Amino acid sequence: MSFNFAYLSGGRLYLKLGQANVQTIISEFGQAVQQRESQQQRRNGWKQKSVANFLPAGMGQDRQPDLSNVAVQGVCPTSADRLLYTLEAGEVGGIFTLERFVTATNIGGAAAPAPRQQTREKRLFHSADFKIDRVDFHPEYQLIACAAIGKDGAANIATMPVNAVHLAQVTEGDSLDLAPKWIPGFRRAVVFQSAGIGRDGAGYIVEQKHSTIEQLDIDRQEVITLASDPKYDLLSPQMTADGTLYYIRRPYSSLRQRARFSQILKDALSIPARLCTAVFEWLNFFTRRHTGKSLLSLPQIPQQLNSQQMLFLGRLVDVGSEMERNRRFGDADSPSLVPRSWELIEQFPHREPKVIGSGVLAFDIGADGQIVYSNGSAVYGIIPGGVAQRLIVDRPIEQVVLLDLDNHLN
């Protein structure tokens with residue numbers, strides 16, 4: 001049995017249909033944003049060169065254009081050959097559809113890449129007032145559900161008819177309401193994760209409570225807590241037609257706990273060194289300016305950012321350490337990027353939660369009982385009554401969704 005799914009990696013959208021090769025989807029809107037910024041920077045290039053003349057030697061040279069980071073934040077299918085996804089391009093966030101991404105040759109057993117076909121991207125909504133996170137689609141009511149993240153950091157669930165141009169917020173309050181998912185066969189109702197937040201006198205977020213799983217009945221305007229445990233964050237919920245609840249469970253830690261004392265001490269001890277470096281660079285600037293020589297003859301080594309820290313589900317993770325720690329579990333070439341304490345949970349009504357996967361970052365449940373999940377390094381598939389099989393290797397994988405192509409095949 002083959003799996004058809006889409007996944008996000010590094011802000012890009014990929015498709016894996018049956019045995020065909022992985023297909024990369026490029027957003028026309030995102031490309032247009034970057035092209036406009038690139039052209040504008042080329043037109044203003046003389047200004048940058050003028051500023052570089054006043055900088056120390058080596059600074060400002062060979063600098064790449066600072067273009068908007070175009071990233072897909074969420075994806076879901078709406079039909080057999082249509083995808084719905086959210087895109088972030090700089091300060092602008094939007095909801096888009098992609099049509100005609102399926103061809104007859106890439107859904108069978110063919111291993112060769114499918115012939116490239118014309119796809120069409122359509123923008124449904126965009127705004128600079130807030131960013132759009134995960135998205136889901138209700139086929140019966142033709143409704144989109146998503147998380148709208150405001151500039152103050154709060155997030156609320158919003159809905160929009162697929163042919164409309166405005167979002168309507170259906171939750172409110174100073175909280176993080178994220179990852180909405182429609183409940184099949186349950187009127188207009190969604191499950192989502194929710195966490196209260198606390199702010200200081202200046203309005204900055206300084207604390208976050210544990211995430212719970214909520215059910216919102218839009219027609220009745222009722223919110224019910226389905227699962228809550230102060231020791232855990234319960235994330236990315238999904239509910240099947242029989243009422244079974246799936247979610248990711250990870251140990252809860254407050255924002256204050258994450259600001260470790262060792263890191264604060266390290267920053268405090270580095271203040272004198274940073275001040276000395278600033279004074280030296282200032283003196284070195286004038287020396288170069290008037291004598292053409294540096295105070296030191298050694299070549300300057302550019303500082304590199306620590307690429308091991310990555311943000312997953314709102315939590316910074318030391319990816320390098322986790323990969324080394326998890327390499328002895330499962331496949332050595334695709335270790336989990338997150339701690340094994342991040343567990344995929346199956347909870348039947350009126351039963352105790354059951355762990356069905358460890359080190360899980362993302363998952364999706366199909367109507368036929370198929371499950372796909374990712375540990376950040378690979379995607380695994382499970383058929384009903386079967387065992388997990390690895391489908392693809394890539395990293396970092398941030399979201400994975402199943403695609404139902406039955407209607408296309410019929």
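Me: What is the volume of the largest cavity?
Reply: In this predicted model, the structure holds one cavity of 30 Å³ or more. The volume computed for the largest cavity is about 200 Å³.

Me: Which residues lie nearest the centre of the largest cavity?
Reply: Strands E4 (70–79), E8, E12 (175–182), E17 (232–239), E23 and E27 each supply at least two residues of the lining of this cavity. By class, that lining has twelve nonpolar, three polar and three charged residues. Of the 18 lining residues, those that lie nearest the centre are Arg134, Lys181, Ser236, Gln238 and Gln399.

Me: In E6, which residue is the bridge partner of Tyr85?
Reply: Strand E5 pairs with E4 in the antiparallel sense through eight bridges, and there Val75 stands opposite Tyr85. Strand E5 also pairs with strand E6 (residues 92–99), again antiparallel and over eight bridges. In E6, the bridge partner of Tyr85 is Phe96.

Me: Which residue in the turn between E5 and E6 has a positive phi?
Reply: A hairpin joins E4 to E5 through two residues. E5 and E6 likewise form a hairpin with two residues between them, and the residue in that turn with a positive phi, of about 65 degrees, is Gly90.

Me: What is the order of the strands in the open sheet of four strands?
Reply: The edge strands of this sheet are E23 (362–365) and E26 (389–393), each of which pairs on one side only, and the twist averages 20 degrees from one strand to the next. E23 pairs with strand E24 (residues 371–374) in the antiparallel sense over four bridges, with Phe363 standing opposite Tyr373 in E24. With antiparallel pairing, the order of the open sheet is E23-E24-E25-E26.

Me: In E26, which residue is the bridge partner of Gly381?
Reply: Strand E25 (residues 378–382) and E26 run antiparallel and are joined by four bridges. They form a hairpin with six residues between them, and Gly385 in the turn has a positive phi of about 80 degrees. The bridge partner of Gly381 in E26 is Gln389.

Me: What is the omega of the peptide bond from Arg395 to Pro396?
Reply: Pro396 lies in the loop between E26 and strand E27 (397–402). The peptide bond from Arg395 to Pro396 is cis, and its omega is near -5 degrees.

Me: Is Gln142 buried or partly exposed, and what is its relative accessible area?
Reply: Gln142 is found in the loop between strand E8 (130–138) and strand E9 (143–150), and it has a positive phi, near 50 degrees, in a residue other than glycine. Buried would call for under 20% relative accessible area and exposed for over 50%. Gln142 is therefore partly exposed, with a relative accessible area of 33%.

Me: Does His350 count as buried or exposed?
Reply: His350 lies in the loop between strand E21 (343–347) and strand E22 (354–358), and although His350 is not a glycine, its phi is positive, at about 65 degrees. The relative accessibility of His350 is 85%, so this residue counts as exposed.

Me: What distance separates the C-alpha atoms of Ser254 and Glu207?
Reply: The place of Ser254 is in the loop between strand E18 (245–251) and helix H3 (255–258), and at 10% relative accessibility Ser254 counts as buried. Ser254 and Glu207 are 47 residues apart along the chain, and their C-alpha atoms are separated by 6.5 Å.

Me: How many disulfides does the count come to?
Reply: Cys76 is buried, with a relative accessible area of 1%, and Cys146 is buried as well, at 0%. A disulfide is counted where a pair of cysteine sulfur atoms lies within 2.5 Å. By this rule the number of disulfides is zero.

Technical notes. Residues numbered from 1 in each chain as written. Predicted model: local features only at pLDDT ≥ 70, side-chain atom pairs only at ≥ 80, totals over all residues. Heavy atoms only, no water. Pairing = 2+ DSSP bridges. Axes fitted to C-alpha atoms, helices over the stretch in contact; angles between N-to-C directions. Buried < 20%, exposed > 50% of the residue type's maximum accessible area, 1.4 Å probe, protein only. 1 Å grid on protein atoms, 1.4 Å probe; cavity = no way out; pocket = protein on both sides within 12 Å on 5 of 7 lines; lining within 4 Å. Points joined across faces, edges and corners; volume = space filled by probe spheres on them. Nonpolar A, V, L, I, M, F, W, Y, C, P; charged D, E, K, R; others polar.
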